[in-house]
Amino acid sequence: MQPVISSLSALEILDSRGNPTVRVLCLMDNGIQVSSSVPSGASTGEHEAVELRDGDKKRYNGQGVLQAVANVNTIIAPALTGFNPAHQTEIDRLLIDLDGTPNKARLGANAILGVSMAVAKAAAAVSGFPLYAYLGGPAASRLPVPMMNIINGGKHADNSVDFQEFMVMPIGAPSFAEALRYGTETFHALKKILRQKGYATSVGDEGGFAPNLQSNDEACELIVDAIAAAGYRPGQDLAIALDPAASSFFAGGAYHLDKSGQGTKSSAEMTQFYGQWLGTYPIISIEDGLAENDWPGFADHTAALGGMSQIVGDDLFVTNTKFIARGIAEQSANSVLIKLNQIGTVTESIDAIKLCRQAGWNYVISHRSGETEDTFMADFAVAMGGGQIKTGSACRSERIAKYNRLLEIERELGKAAVFTNPLAKS
């Protein structure tokens with residue numbers, strides 16, 4: 001007889017920004033217990049599933065999640081007691097039906113995702129397989145190339161940089177362990193350069209440095225210098241990936257680079273701006289280069305730049321198959337950022353990835369700026385085999401936890417481990 005869920009319960013914990021989030025504990029009738037913790041984003045798309053917050057200004061400035069916790073304990077738990085956790089799709093559909101809204105606003109995507117992740121972990125524990133092998137099958141063996149955030153701007157830092165994330169991708173490394181070393185050494189080289197220039201070396205939400213630079217361009221220049229200073233070749237050993245998060249500086253039909261003082265630009269001018277950068281710096285990926293509702297702009301953006309760079313949609317798609325299908329039809333991008341808490345269940349996240357695969361698009365498994373020590377997404381990245389992960393910089397333990405888990409997985413896989421550049425020209 002297969003073990004079944006004996007009880008589910010939730011509690012309010014803190015994320016990496018000191019804001020409340022949800023942790024779910026799943027107890028099986030054979031004594032196995034697992035837990036999952038839900039991340040939270042700061043730069044959120046307007047079409048994301050709803051993260052339920054209490055709104056009581058007397059508790060955590062209104063950010064409490066006691067209602068989401070109560071929804072797990074009083075509504076979801078009774079409905080799932082006795083279920084075999086291996087029935088992930090059935091359970092996730094039941095969660096969606098229990099909520100009954102198009103965006104999970106009743107129970108909260110934070111409550112629903114916490115349960116969905118815990119159920120997957122429980123099923124993996126019962127099966128005796130690691131989570132990545134349980135979710136991805138016995139052939140799951142591809143380690144992701146990390147997009148390591150080393151300079152923060154936008155909503156993630158109080159500085160003069162408009163663009164939210166400047167990342168390095170160790171595309172020339174022979175293994176994940178070496179990729180982590182390449183990126184970490186570049187991170188430390190950048191710190192030395194910033195100190196030499198008199199810039200601050202404090203970090204933003206995702207662990208990247210947050211200096212007050214003279215321009216957005218200077219961020220790229222500093223990263224190129226850091227790659228070289230670490231003893232690597234820009235564009236060959238490590239390349240640059242961008243996440244401007246353009247919705248954060250879009251208003252009134254235009255893009256306002258106010259933090260850096262680099263002026264106001266139209267959609268076409270932003271694409272031209274990025275095109276100039278592609279010709280100057282070793283950039284291989286641009287995420288959310290335009291605003292989340294600028295669909296015509298994204299189509300032109302991808303037509304102009306998609307042959308030179310990966311064009312990733314995050315706020316544009318919010319891990320939602322409806323928006324991804326539209327993007328495929330309109331050729332709005334060539335890659336999708338996958339964030340479990342944008343859509344709210346493990347099954348829906350996998351469905352989004354299936355759609356990317358069918359279209360021949362890339363996909364990137366991503367953290368959020370408000371993270372926890374939960375390493376679910378590291379296993380998920382290997383399970384899904386897309387070869388790319390965004391989980392922050394080479395500092396802050398909630399980010400490092402994911403990297404360390406990937407090191408464990410690579411060691412477990414041994415000679416079966418695969419590590420290749422997903423953006424290499426064929």
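The following dialogue explains how several terms are applied to this predicted model.

Modeller: This is a predicted model, in which local features need pLDDT of at least 70 and side-chain atom pairs count only at pLDDT 80 or more, while totals for chains, interfaces and linings use all residues. Residues are numbered from 1 along each chain as its sequence is written, and side-chain values use heavy atoms, with hydrogens and water left out.

Biologist: Which strands make up the closed barrel?

Modeller: The barrel has eight strands, in the order β4-β5-β6-β10-β11-β12-β13-β14, with mixed pairing. Neighbouring strands of this sheet are turned by 30 degrees against each other on average, direction ignored. Helix α8 (residues 295–305) packs on the sheet and touches β10 (283–287) and β11 (310–313). The direction of α8 makes about 160 degrees with that of β11. Contact here means heavy atoms within 4.5 Å.

Biologist: Why are β7 and β9 called edge strands?

Modeller: The open sheet has three strands in the order β7-β8-β9, with antiparallel pairing. β7 (250–251) and β9 (263–265) each have a single partner strand, so one side of each is left without a neighbour in the sheet. Strand β8 (residues 254–257) pairs with β9 over three bridges, and Y255 has K265 in β9 as its bridge partner. Helix α7 (residues 267–280) lies across β8 and β9, at about 110 degrees to β9.

Biologist: Why are α9 and α11 called roughly parallel?

Modeller: Axes are lines fitted to C-alpha atoms, for helices over the stretch in contact, and angles run from 0 to 180 degrees between N-to-C directions. Angles under 35 degrees count as roughly parallel, over 145 as roughly antiparallel, 65 to 115 as roughly perpendicular and the rest as oblique. Helix α9 (residues 321–330) and helix α11 (residues 346–359) pack at about 10 degrees, with their axes 9 Å apart. The two helices are therefore roughly parallel to each other. Their contact is made by T321, I324, A325 and I328 of α9 and D351, A352, L355 and A359 of α11.

Biologist: How are the residues of that contact divided?

Modeller: They divide into six nonpolar, one polar and one charged. Ala, Val, Leu, Ile, Met, Phe, Trp, Tyr, Cys and Pro count as nonpolar, Asp, Glu, Lys and Arg as charged, and the others, Gly among them, as polar.

Biologist: What makes α5 and α13 roughly antiparallel?

Modeller: The axes of helix α5 (residues 176–196) and helix α13 (residues 397–413) cross at roughly 150 degrees and come within 9 Å. The cut-off is over 145 degrees, and α5 and α13 are therefore roughly antiparallel. F176, A177 and L180 in α5 meet Y403, L406, L407 and E410 in α13. The residues of this contact divide into six nonpolar, no polar and one charged.

Biologist: How do you know that helix α12 is largely enclosed?

Modeller: Buried means under 20% relative accessible area, exposed over 50%, and partly exposed in between, with a 1.4 Å probe and protein chains only. Nine of the nine residues of α12 (residues 376–384) are buried, so the helix is largely enclosed by the rest of the structure. Among them are F376, M377 and D379. Just after α12, G385 takes a positive phi of about 65 degrees.

Biologist: Why is K104 called buried and R396 partly exposed?

Modeller: K104 has 5% relative accessibility and therefore counts as buried. R396 has a relative accessible area of 25%, so this residue is partly exposed.

Biologist: Why does G387 count as buried?

Modeller: G387, in the loop between α12 and β14, has 1% relative accessibility and therefore counts as buried. Leaving aside its neighbours within four places in sequence, G387 is in contact with R142, L143, P144, V145 and P422.

Note on methods:
Two strands pair if DSSP finds at least two bridges between them. Helices (H or I, at least four residues) and strands (E, at least two) are DSSP runs, numbered from the N terminus.
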